[in-house]
There are 2 protein chains.
Amino acid sequence: MTDSIKTRRSIRKYKAKEVDNSLLDQLLELAARTQTMGNLQLYSVVVTRDAEMKQRLAPCHFNQPMVVQAPVVLTICADFNRTSQWCRQRRAEPGYDNFLSFINAASDALLYTQTLCNLAEEAGLGVCYLGTTVYQPQQIIDILKLPRLVMPIATLTIGWPDEQPVLSDRLPLEAIVHRETYSDYDAADIDCLYGPKESLPENQHFVEFNHKETLAQVFAEIRYTRKDNEALSGVFLDTLRRQGFLD
Amino acid sequence: MTDSIKTRRSIRKYKAKEVDNSLLDQLLELAARTQTMGNLQLYSVVVTRDAEMKQRLAPCHFNQPMVVQAPVVLTICADFNRTSQWCRQRRAEPGYDNFLSFINAASDALLYTQTLCNLAEEAGLGVCYLGTTVYQPQQIIDILKLPRLVMPIATLTIGWPDEQPVLSDRLPLEAIVHRETYSDYDAADIDCLYGPKESLPENQHFVEFNHKETLAQVFAEIRYTRKDNEALSGVFLDTLRRQGFLD
């Protein structure tokens, strides 16, 4: 895996070649070795291969073209429905319609998702993680017919790579690691940690293209704005409530 | 990685042998190849090696012995503080003090955590994921001095394995995978999917030991009860509010 992680990039263009069901099932099963809370496996995966279903899901992901182009779309969900059904069938009263249980199930779902990404990439597949899943969860719930106590949390598009984008940059290790206690960042730290990223030609071009002065402005004022974040926070909390995870 | 994931188990006993800083840093850096939202890397890792710091963290994790015994304890945090500091230093107004931003940062943190687990296990290290991190987050925040917009989300204890527990069971693939839409479980499905797990000698012993009638009762009535889940939901939401992620 060391080699595949070193050279990984998100892949958004795929060859017109199927991903065999046997290969996919093998990866889905192997990823399930990932640890989960009490070994309860608090997640489910909805596999989308049907072209019409992909068309219906696409608007939930801002119509990014890989959703209809990828041979396989996976929607990974935090799932306390199955475990609760099991409890009820076994004379046990489940108590998982609350926020902590959502956090537990979402954690299981995300850890599972990442092992699956790592395995798929090691097998030579191209993967794109769609963060848009948490923006319009109610539409995804309706399309995939997710019951109460099931919440979509991540989407992967998977296929055989038909592009090789440049490796994206990363912050230096000191930006993300703290020894013993968290040491907050001062102005000099920020310059030192973000300078190399900001001076990359592709990022400078990105700033120019967006008619901004700084890369941070592109993020805070165009891509991930307060207005959008606040509106989408409300949507997400409402959906959590409807799915039974919040009073 | 296929081999290491097939045989992985959570390791709670470690040899009295250090985990070199160079190896740890290499793994922490490699794991950062994991995709994140807008490539912003919305996480931080606090490395605990100091014996006294481990002693202080232990009660946050119900004094599970591996917290003080492991050479390294990592607390992985959802972090929008660093990115917000960057914005402010670059004439951009950050808008990340809201719930969606917590979900985005927590997702980044958990995906990073799982790649790190996969890499550490492939390198022969033993890892235990502590789900207890989300139970008493405020104590962890105080001990590790986490500022506003930083929330602990996962803890790993890491060391060289000094035990080889049996592989834990998993539900069959059909339990977690749905084709095109979610197909809910009826009584016959539950019997079929959970029967093998329930009939394992170790799980039957677990039920007897706890003086219960079913395995589900051990989970719902002893390990993860409604009462605890509801109380801890309140604690988590209060802490999210104090860290600035919820109104």
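# Notebook: a two-chain predicted model

**Chain A, overall.** I started with the element list: chain A has twelve helices and five strands. Those are DSSP runs numbered from the N terminus, with helices (H or I) of at least four residues and strands (E) of at least two. Before going on I noted that this is a predicted model, where local features need pLDDT of at least 70 and side-chain atom pairs count only at pLDDT 80 or more, while totals for chains, interfaces and linings use all residues. Bookkeeping: residues are numbered from 1 along each chain as its sequence is written, chains are lettered from A and ligands numbered from 1 in the order in which they are written, and side-chain values use heavy atoms, with hydrogens and water left out.

I looked up the extent next: the C-alpha trace of chain A spans about 60 × 45 × 35 Å along its principal axes. Of the 247 residues in chain A, 63% are buried. My cut-offs are under 20% relative accessible area for buried, over 50% for exposed and partly exposed in between, with a 1.4 Å probe and protein chains only.

I then checked the contacts (heavy atoms within 4.5 Å). In chain A, residues 24 or more positions apart make up 79% of the contacts with a separation of 6 or more.

**How the copies relate.** I laid chain B on chain A and got an RMSD of 0.0 Å, with a turn of 180 degrees and a shift of 0.0 Å along the axis. The two copies are thus related as by a two-fold rotation axis. Which residue of chain B comes closest to the rotation axis? I found Met1(B), whose C-alpha is at 2.6 Å. The same surface serves both copies, as 99% of the contact residues of chain B recur in chain A.

**Helix H2 of chain A.** I went through residues 21–31 and found Leu23(A), Leu24(A), Asp25(A), Leu27(A), Leu28(A), Leu30(A) and Ala31(A) buried. I then looked for what covers them, and both chains turned up. From chain A, the cover includes strand S1 (43–48), strand S2 (72–79) and helix H6 (99–122). From chain B, it includes helix H1 (2–6), helix H8 (173–176) and strand S5 (177–179).

**Ser233(A).** This one sits in helix H12 (residues 226–242) of chain A. I count Ser233(A) as buried because its relative accessibility is 6%. Its side chain reaches the backbone oxygen of Asn229(A) at 2.7 Å. Leaving aside neighbours within four places in sequence, I see Ser233(A) in contact with Asn98(B), Phe99(B) and Leu100(B).

**Gln138(B).** I found it in helix H7 (residues 137–144) of chain B, buried at 18% relative accessibility. The side chains of Gln138(B) and Arg242(B) are joined by a polar contact of 2.9 Å. My rule for that is a pair of N or O atoms within 3.5 Å; within protein, one must be able to donate a hydrogen and the other to accept it, and residues adjacent in sequence count only if both atoms are side-chain atoms. Not counting residues up to four places away in sequence, Gln138(B) touches Thr239(B) and Arg242(B).

**Asn210(B).** It lies in the loop between helix H10 (201–209) and helix H11 (215–223) of chain B, and is buried at 18%. Its side chain reaches the backbone oxygen of Phe206(B) at 2.8 Å.

Gln41(B) has phi near 50 degrees and is buried at 0% relative accessibility. Lys145(B) has phi near 55 degrees but is exposed, with a relative accessible area of 55%.

How values were computed:
Copies are superposed by least squares on the C-alpha atoms of residues with pLDDT of at least 70 in both.
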